[in-house]
Amino acid sequence: MRKNKALAVPFILWAVLFVVVPLAMIVWYGVTVDEPVPCTEVLLDDGTIGYELEDGTIVDTKPWQKKAVISLSNFKRMIEPTYLRLLLRSLKIAVITTLICLLLGYPVALILTGKDFKRPALWLMLLVLPMWMNFLLRTYSWMSILENSGILNNWIASLRDAIPAFDSWLTNMGVRRKIIFLYNENAVILGMVYNYLSFMIMPIYTVIEKIDKNLLEAAADLGANPVKSFLRVTLPYSMPGVMEGITMVFVPAVTTFVISQLMGGGKVPLIGDIIQNQFGKSSDWHFGSTLSLLVMVVVLAFMGALGHIDKDEDPVKEVRIL
Amino acid sequence: MKKKWLAVLGIVLVIAVAFLSGGEEAAIEESEEGEDYIAYVTMPENPVPMTGETISVYNWGDYIDPDVIDVFEAETGIKVIYETFETNEDMYAKIAMGGSSYDVIVPSEYMIERMIREELLQKVNWDHIPNVKNIDPRFMNEAYDPEAAYSVPYTWGTMGILYNTKTVLEKPTGWNVLLSEEYAMDMFMLNSPRDTLGIALVMNGFDLNSTNPEELRIAQDMLIKQKPIVLAYVVDEVKDKMISGEASVAMVWSGDATYCMSESDELDYVLPPEGSNIFYDSMCIPKNARNVAGAEKFIDFMCRADVAAMNYQYVGYAIPNLAAIELMGAEEYNASPVNNPPQEALDNCQVFRYLGDEQRIYDQVWTEVISAF
């Protein structure tokens, strides 16, 4: 027993250093604000004005030094409508992204695990292959496809030049010469779905693949048609994978920032963008941390709710009824 | 077994192609740079052996000709440890935390003002930097360093309008072009609180550094009203997008404008007469520098006419070094609207001041603008 504990030391050190300490720092920054160090104006002997600090020292110029003071003023600022609206928009976009990923990802995982499907490993690798590239590169590629001067618009333009009927039809429909695909909410969702889809497919695939094939055969032997055996066996058994997939898509989607800047052209800022601004241009680490805490609480609440659903589902019971 | 080999072969091919195409691009870039490149400075034939002395220089990314560093090392025997930063705030955080020591840093003007106030910089000993005589006095004694005691200007630039001459037939006469319905969904604004709100303040006749909530609210209302005709609020992407003709008009920093104009003949730059922001990046010595003598040597070296000229060819930002401009040919240098904006417009330009806590208003107002529906 003692041996096992010794083995855990590196992990505990790691966790303290890279999880507990940063978290504590965010909490500390979040509940404090910078205030100028307290000082009082005093008239100096030579007739000029000086500043007396708390410890009694007197300086000529007003001290610039700041002191972190515990204050809830950033929490008050956080619940202003501007920031709540941003949080709501982030949640909305994350939910839509997760749903689309689920609707696309589940069938893909199902097809890949189908017994008639040849070489699923290869296809899975092809699906994951783009993930070897940095996500910024992938997002930039989408931008060069969808831009006003991008590949898609160029194709449409050359089609219009080649087929006059197509051109006049589009003109009648009121379609601009250059269609604006980027710089709106839909473009942000597209960028996020593309970036996160494989995080949905992988866990679902792994779980479905592990389902005992005998169960499906038994279901068929007992007279269940494929739809019924899917609903009574595959679906309940794949729920842990679905839950994991949802978590793995939803959590990064709520906190994302660069994709919204690039695909949305800065017109669809998410809460992550605003947090990034606090640590960058606005250099207000305190408010940035307060907003981070808000997002963490929201994510935590979401995970809690999801964990609750997870417990309620008992696939084994379902199968027994079958 | 055979299939495995095929897969491996495929991967090797993909990697090989990736490397080959990468190499090709690099080669093209090099030859492009060599086109009208003049070697103002050459490596000394008998380089001074390394003395073991080092200086550490902390500068913006891609903001110095690497050859310049090599020449400095060969001429002085001092090794340069060169590091780069992305934003003034990153640089500030590193210096203020006190964890690392640099001998030369290159902050922008408002950050210099802050660092002077917070006693993070030391005064420059001008006796050790004789080449400061090359620097245009017009660029010294600015509000951020009123006695020219702490900083040596390295580059300067302005915020202006980059426009596509193919679609914008008449040269814009002022910032008002950014409100013109003619360029609806055809213009880029910067996603940057100080820069964009600053211009909006100027457009309404207010001070670039105003912290008056009422004035900022007017600027905010104007930008929210303008939002439906803005194609996007961009950051660094603006360069590639303007080169590819994504939009007709954009507000850009003059350094980026120089780059875009070198890549596309269709683009031109104008500094609006009603006023704008002028910025400086200047060399400074932090208070906790280890090798002040080496830092002074480096700064003096960078102020040398031939070195500044060589560096200008690489960096592309306007320089305050009169001797270097003369060396390169003032006529050619001044032909660029970026290097030589109309005096009237330049007179109306202001530097950003460090606003301290007042900065928070800008963040709030800017968040309102970009999150407006």
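In chain B, residues 24 or more positions apart account for 79% of the contacts with a separation of 6 or more. The model is predicted. Chain B has 14 helices and eleven strands, and 23 of its residues are in contact with 21 residues of chain A.

Overall form of chain B

- The radius of gyration of chain B is 23 Å, close to the 21 Å that the globule rule gives for 373 residues, so chain B is as compact as a globular protein of that length.
- The C-alpha trace of chain B spans about 75 × 65 × 45 Å along its principal axes.
- Of the 373 residues in chain B, 43% are buried.

Packing of H5 and H14 in chain B

- Helix H5 (residues 193-203) and helix H14 (residues 359-371) of chain B have axes that come within 10 Å and cross at roughly 80°.
- An angle of 65 to 115 degrees counts as roughly perpendicular, so H5(B) is roughly perpendicular to H14(B).
- On H5(B), the contact is made by B:Pro193, B:Arg194 and B:Leu197; on H14(B), it is made by B:Tyr362, B:Asp363, B:Val365 and B:Trp366.
- The residues of this contact comprise five nonpolar, no polar and two charged.

Side of chain B that touches chain A

- Strand E7 (232-234) and H14 of chain B are the elements that give two or more residues to the side touching chain A.
- H14(B) provides the largest share of that side, seven residues.
- By class, the side of chain B that touches chain A has seven nonpolar, eight polar and eight charged residues.

Note on methods:
Residues are numbered from 1 along each chain as its sequence is written. Chains are lettered from A and ligands numbered from 1 in the order in which they are written. This is a predicted model: local features need pLDDT of at least 70, side-chain atom pairs count only at pLDDT 80 or more; totals for chains, interfaces and linings use all residues. Axes are lines fitted to C-alpha atoms, for helices over the stretch in contact, and angles run from 0 to 180 degrees between N-to-C directions. Helices (H or I, at least four residues) and strands (E, at least two) are DSSP runs, numbered from the N terminus. Angles under 35 degrees count as roughly parallel, over 145 as roughly antiparallel, 65 to 115 as roughly perpendicular and the rest as oblique. Two residues are in contact if their C-beta atoms, placed from the backbone, lie within 7 Å. Ala, Val, Leu, Ile, Met, Phe, Trp, Tyr, Cys and Pro count as nonpolar, Asp, Glu, Lys and Arg as charged, and the others, Gly among them, as polar. The radius of gyration is taken over C-alpha atoms; the globule rule is 2.2 Å times the number of residues to the power 0.38. A residue is buried if 20 or more other C-beta atoms lie within 10 Å of its own, exposed if 12 or fewer, and partly exposed in between; C-beta atoms are placed from the backbone.
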